[in-house]
Amino acid sequence: MPTERQLTVDQACYAIGMLNIDRRIDKVIVHHTWEPSAVDYRGISTVASIGRTHARWWPIRNDHGYHVLFGPSGEVFFACPWEKVGAHTRGHNSHSIGVSYIADFGGGPGERAPLDNPATYAGLAAGQQVVGALCDRFEIGADEVFFHSDFSSKTCPGTLMDRGEYRRAVIDFMNGGLKVVLLPGSNVIACRPEIEDGVARVDLRPLAEALGYEVYDHITDQGKIYLREGGDTDD
Ligand SMILES: [Zn+2]
C-alpha cells in the first residue's frame, strides 16, 4: 500500500541529511505529474490519489513511483520509501531518486497549452532546495540532476523547464562543500563548509587525512593552505 507524508522544506532537508540507506544513488531525476496539475491540487489527498494510480499501474510494486512530490506552494511529500527502487524512468530507476512537481509545465499527450509555468510556480524553488539536499546527502554534483526527458522521448518535466537553469538553482541550494575525487578508485572526499561570522570556511581536514597530511588551519584564513607530511596527531 502506498503511503505518503507531508513535510515543510526544512523538515524534508533535515530528514534527507539524516538518511542512511544501502541503495547506491548516483542521480536525481526530475518529473512533473502533468495530470493532476496545480489547479487539481488538493493537498495530501492528491498525492495519495497519485499513489493509488501508480499502485494500480504497477501492482507488483504496490507503491508510489516517485520518492518525493512537490506541491504548488512548496509543500513536500515523501512517497516511495528511499530504499525502494522507484518507478519513474525506464532503465534508470535502480540508482536514482525520482522527484515530481504536481504541475503541467508543458508538453504531454495532446500538446495542449501548459497549465502551469515554472516562472510563476511558487513551489519550484522548494523542489530545487530538496534536490540540493539530496545531492549533498548522496555526494553527487548538480550535473547528476537530470530531467526525465534526458532518458526518454517524453517532454517531462515539461517544455517550459530548462535543465541548465534548474541545475544552477540547485547549486545555489547546495551546501557549497568541496567534493574531491581521489583517483584511482573514485573515492569521494566531502569537505564540508562551516559558516563563521558570515565567512564560509571549507574544512579540508578530511582530504588531508585521506592523503596522510596534517592541516595547519590557523593559516587558512590567509588564503593559503599549508599541509604537513606525516600528520602525527599530538594535539
Ligand atoms: Zn517523467
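**Reading contacts, helix faces and sheet order**

User: Which residues does valine 68 touch in this structure, if residues up to four places away in sequence are not counted?

Analyst: In this model, which is predicted, valine 68 touches Val76, Phe77, Phe78, Ala79, Val99 and Val130, with residues up to four places away in sequence left out of the count.

User: Is valine 68 buried or exposed, and how does one decide?

Analyst: The general idea is to count the C-beta atoms around a residue, 20 or more others within 10 Å making it buried. Valine 68 has 26 other C-beta atoms within that distance, and therefore counts as buried. For the protein chain as a whole, 36% of the 235 residues count as buried.

User: Which members of the largest nonpolar core touch the most other members?

Analyst: That core holds 41 residues, and the ones that touch the most other members are Val28, Val68, Leu69, Val130 and Leu134. Helix 3 gives the most to this core, with 8 residues. As for valine 130, again without residues up to four places away in sequence, the residues touched are Val9, Ala12, Cys13, Val68, Val76 and Val99.

User: How should I read the faces of a helix, and which residues of helix 1 are buried?

Analyst: An α-helix has 3.6 residues a turn, so residues three or four places apart point the same way. In helix 1, which covers residues 9-17, the buried residues are Val9, Ala12, Cys13 and Ile16. Viewed down the axis of helix 1, these buried residues fall within an arc of 95 degrees, so they line one face of the helix. Asp10 and Tyr14, on the other side of helix 1, are exposed. The packing partners of the buried residues of helix 1 are strand 1 (5-7), strand 4 (76-78) and helix 3 (124-138).

User: What should helix 2 span, and how far apart are its end C-alpha atoms?

Analyst: Helix 2 has 14 residues, 44-57, which at 1.5 Å a residue should span 20 Å; the end C-alpha atoms of helix 2 are 20 Å apart, so expectation and model agree. The buried residues of helix 2 are Thr46, Val47, Ile50, Gly51 and His54. Seen down the axis of helix 2, they fall within an arc of 145 degrees, and therefore line one face of the helix. Ser45 and Arg56 are exposed on the other side of helix 2, while the buried residues of helix 2 pack against strand 3 (68-70) and strand 4.

User: In what order do the 6 strands of the open sheet lie?

Analyst: Strands of a sheet pair through backbone hydrogen bonds, either parallel or antiparallel. Here the 6 strands of the open sheet follow the order 1-4-3-5-2-6, with mixed pairing. Strand 1 and strand 6 (145-147) are the edge strands, each of which pairs on one side only. On average, and with direction ignored, neighbouring strands of this sheet are turned by 25 degrees against each other.

User: How many bridges join strand 2 to strand 5, and how many join strand 2 to strand 6?

Analyst: Strand 2 and strand 5 run parallel and are joined by 6 bridges, whereas 3 bridges join strand 2 (residues 27-32) to strand 6, and these two strands also run parallel. Valine 28 stands opposite isoleucine 97 in strand 5, and in strand 6 the bridge partner of valine 28 is valine 145. Valine 30 has phenylalanine 147 as its bridge partner in strand 6.

User: Why is strand 2 said to be largely enclosed by the rest of the structure?

Analyst: The reason is that 6 of the 6 residues of strand 2 are buried. Lys27, Ile29 and His31 point one way from strand 2, Val28, Val30 and His32 point the other way, and all are buried. Helix 3 lies across strand 2, strand 3, strand 4, strand 5 (96-101) and strand 6, and runs at about 170 degrees to strand 5.

User: How far apart are glutamine 129 and cysteine 13 in sequence and in space?

Analyst: Glutamine 129 and cysteine 13 are 116 residues apart in sequence, yet 7.7 Å apart in space, C-alpha to C-alpha. Glutamine 129 has its place in helix 3, and, leaving aside its neighbours within four places in sequence, glutamine 129 is in contact with Val9, Cys13 and Phe173.

Definitions and conventions. Residues are numbered from 1 along each chain as its sequence is written. This is a predicted model: local features need pLDDT of at least 70, side-chain atom pairs count only at pLDDT 80 or more; totals for chains, interfaces and linings use all residues. A residue is buried if 20 or more other C-beta atoms lie within 10 Å of its own, exposed if 12 or fewer, and partly exposed in between; C-beta atoms are placed from the backbone. Helices (H or I, at least four residues) and strands (E, at least two) are DSSP runs, numbered from the N terminus. The arc is that of the directions from the helix axis to the C-beta atoms. Two residues are in contact if their C-beta atoms, placed from the backbone, lie within 7 Å. The expected span of a helix is 1.5 Å times one less than its number of residues. A nonpolar core is a set of buried Ala, Val, Leu, Ile, Met, Phe, Trp, Tyr and Cys residues joined through C-beta atoms within 7 Å. Two strands pair if DSSP finds at least two bridges between them. Axes are lines fitted to C-alpha atoms, for helices over the stretch in contact, and angles run from 0 to 180 degrees between N-to-C directions.
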